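Follow the strands first, then the cores, then the chain as a whole.

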Amino acid sequence: MDIKSDNTFYFDEKAADRVEFFIENHIRHLKGEKGGTNFKLEPFQKKIVRDLFGWKYRTTELRRFRTAYICLPRKNGKSTLISAIALYMLLADGEPSAECYVAAGDRQQAGIIFEVASGMVRADKQLVNNLQVFKNSIIHEKSNSSFKAISSEASSKYGYNASFICMDEFFVQKDSSLWDALTTSVGSRRQPLTIAITTAGYNRESVCYKTEDYGRKVSEGIIKDESFYYIKYDCPLDIDWTSEDALRLANPGLESGVVKLDYLKREQEKAIKLPSYENTFRMLHLNQWMSSASKWLSDQQWMECDKAPVRLEDYRGMTAYAGLDLASVRDISAFVLIIPEDDRFTIIPYFFAPKDTAFVRSRRDQVDYIGWSKEDLIELTEGDVTDYNYIKKRIKEVAEIVNIKEIAYDRWNSSQLVIDLVNDGLPMIPFGQGFASLSAPTKELEKLILGKQLNHGGNKVLRWMASNVAVKSDPAGNIKFDKSKATEKIDGMVSLVMAIGSYMNDDSEESSYDDRGIVWI
């Protein structure tokens, strides 16, 4: 993040020196070959510390940065750095009755930072003389200040009056509730500091990704927020992830030995040889946001397909195929059309969910169902269960515009809705969910995506579901989506595969497969 002095802000060298002196003279490494030695800030760590504590408002002389997003790959000293900052905020920041908290996905993860900080206190005579270490808190009695590791339940955090917050491994947060509860607890403090420190993850609808995206836009000048600090070390996607350059670009701790090159090379080699480990390696050690923890296709590959706006009316009278995935009565149902045009396919998805549970689902699934409904991307049916009559009505309306040759559905998850649609004359075709039925259309979908032969209109809901996909294979090399390993909902992608399978199985009229055959990849 490029920061320059102007009429509003200046850099206070003495303030930055004070924090740096505290860390390098009172904080010790606890483990490894540096165990017991003073913590000397590496250049990238020094930059973060000096930026956060040195930049101030000219008028008030208070700190400029109130929120920081720090994204570092694993093994680059995140725990040591944030523990040192937490102890400074507890003991030396001059905030009366300071309340310092570390939170994470669960109390055990938050406890890692707390245990590191506790060990640092015990390792320094002056810290021991000034601080009391208890099982769940570190206390500075003179200023009535405390540092605690807290659980992930948001409901109990609204009475806090935090002066310092660290959200560790931000990417694992299930929703924004804890972040919201903590960040709204700092309002009465003079110069509070909230730090989200994390590696990259896989859910682009998560509060972590949205915060990173916000920070990136701040750093690029797209959004003006002078109080937000953003820094990320990663390997750009256009760099070969199997190269040593990729390791060096993403890991600032390599130069000084904070993280070992031979360790990273072993992990990299493992990812090269074991495709199922590739996404995990790239997330944790190259700091790249991936589509899922298990390898399928990337979000970049999905979004390289045509994103031209799609209107059903523009395809009036054309032949279409569809997949219907009816979820439980309180879950998302998906109806996905594909319209073949030569060797290209246009996708038009429809999603349905009960309106009364939309807010709860938004929290649980980390996606904005209500916002999507306002964009006409998902249809919320009245009540707390999905209205199958509403879905039937929508499907019949679609069938009046395009000529639906087949609607493939999961034979094991059929319902009265399927019977009603059959009675209404719609071509419902049961579709198996095993490798035998799903492998060919799943492979064909991969080929179509890689060949940029889809137009999905950039639909946000389908993009989210595509990013959640994980695949599994059998000994014969057949593949299908693995619902048990999917990070979140994939109903729309299942419907899309069934629609493609229906098209591939239709020999009633000539198709592009008559000339080129099915492409197996």
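Strands here are DSSP runs of E, at least two residues long, and helices are runs of H or I of at least four; both are numbered from the N terminus. Two strands count as paired if DSSP finds at least two bridges between them. C71 stands opposite T198 in strand 9. Strand 8 (residues 164-168) also runs parallel to strand 9, again through 5 bridges. There, I165 has T194 of strand 9 as its bridge partner.

This is a predicted model: local features need pLDDT of at least 70, side-chain atom pairs count only at pLDDT 80 or more, and totals for chains, interfaces and linings use all residues. Residues are numbered from 1 along each chain as its sequence is written, and side-chain values use heavy atoms, with hydrogens and water left out.

How many residues of strand 9 are buried? Strand 9 (residues 193-198) has 6 of 6 buried, so the rest of the structure largely encloses it. Buried means under 20% relative accessible area, exposed over 50%, and partly exposed in between (1.4 Å probe, protein chains only). In a regular strand the side chains alternate between the two faces of the sheet. In strand 9 both faces are covered: L193, I195 and I197 are buried on one side, T194, A196 and T198 on the other.

Strand 11 (residues 319-325) is also largely enclosed by the rest of the structure, because 6 of its 7 residues are buried. Strand 11 pairs with strand 15 (residues 403-410) in the parallel sense over 6 bridges. T319 has N403 as its bridge partner in strand 15. Strand 12 (residues 333-341) runs antiparallel to strand 11, joined by 5 bridges.

Now the cores. A nonpolar core is a set of buried Ala, Val, Leu, Ile, Met, Phe, Trp, Tyr and Cys residues joined through side-chain atoms within 4.5 Å. The largest has 52 residues, and L87, F147, F164 and I195 have the most contacts inside it. Helix 3 (residues 78-91) gives the largest share, 9 residues. Beyond its neighbours within four places in sequence, L87 is in contact (heavy atoms within 4.5 Å) with residues including F22, A117, M120 and I138. Another core lies apart, with 45 residues, among them Y369, L448, V461 and Y503.

Finally, the whole chain. The protein chain has 19 helices and 19 strands. Of its 521 residues, 55% are buried. Its C-alpha trace spans about 85 × 50 × 45 Å along the principal axes.
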